[in-house]
Amino acid sequence: MAEFSDSVKENIRVNEGGFANIAEDAGGATNHGITQDTLNAYCAESQKAPFDVKDLDWDTAFECYRVFFWNRYRAFAINDQTLAENYFDCLINSGPHRAG
């Protein structure tokens with residue numbers, strides 16, 4: 001079974017950057033690759049108080065990725081770590097509707 005490992009987190013850190021709010025981006029305000037909508041859903045599901053995505057720290061961003069992408073789309077069930085990481089990368093960069 002694949003793990004949400006340090007290498008997964010490092011790839012996120014390298015590729016997702018910091019805060020952006022680009023008018024042409026349909027996702028709106030984003031920090032560390034997490035949109036405000038995803039953060040709001042994470043807070044609701046985790047019974048945490050919602051907060052502005054600008055204030056998102058890396059640990060919470062990683063938890064959002066683990067809950068809403070790695071676990072939800074069962075990357076953990078893949079028996080090959082490299083394949084799981086490539087699948088996860090497709091999930092977050094192309095969207096679940098294209099990666100699956």
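Helix α2 is followed by Q47, whose phi is positive, near 55 degrees; helices here are DSSP runs of H or I with at least four residues, strands are runs of E with at least two, and both are numbered from the N terminus. The model is a predicted one, in which local features need pLDDT of at least 70 and side-chain atom pairs count only at pLDDT 80 or more, while totals for chains, interfaces and linings use all residues. Residues are numbered from 1 along each chain as its sequence is written, and side-chain values use heavy atoms, with hydrogens and water left out.

Within α2, the residues T38, L39, Y42 and C43 are buried, where buried means under 20% relative accessible area, exposed over 50% and partly exposed in between, with a 1.4 Å probe and protein chains only. Because they cover an arc of only 135 degrees around the axis, they lie on the same side of α2, the arc being that of the directions from the helix axis to the C-beta atoms. An α-helix has 3.6 residues a turn, so residues three or four places apart point the same way. On the other side of α2, D37 and A44 are exposed. The cover over the buried residues of α2 includes β2 (34-35) and α3. Leaving aside residues up to four places away in sequence, L39 touches I34, F51, D52, V53, L56, T60 and C64, a contact being heavy atoms within 4.5 Å.

L39 also belongs to the largest nonpolar core, which has 27 residues and in which F4, I12, L39, Y65, W70 and F88 have the most contacts; such a core is a set of buried Ala, Val, Leu, Ile, Met, Phe, Trp, Tyr and Cys residues joined through side-chain atoms within 4.5 Å. Two or more residues each come from α1 (6-16), α2 (36-46), α3 (58-71) and α4 (81-94), and the largest share, nine residues, is that of α3.

Across the whole structure, a search finds six aromatic pairs, meaning rings of Phe, Tyr and Trp (its six-membered ring) with centres within 6.5 Å, where planes under 30 degrees apart count as stacked, over 60 as edge-to-face and the rest as tilted. One of them joins Y65 and F88 edge-to-face, at 6.1 Å centre to centre with 75 degrees between the planes. Since Y65 lies in helix α3 and F88 in helix α4, the pair ties together parts that are 23 residues apart in sequence. The rings of W70 and F88 have centres 5.5 Å apart and planes at 65 degrees, so this pair is edge-to-face. Both W70 and F88 are buried, and F4, Y65, F69, W70 and F88 form one aromatic cluster.
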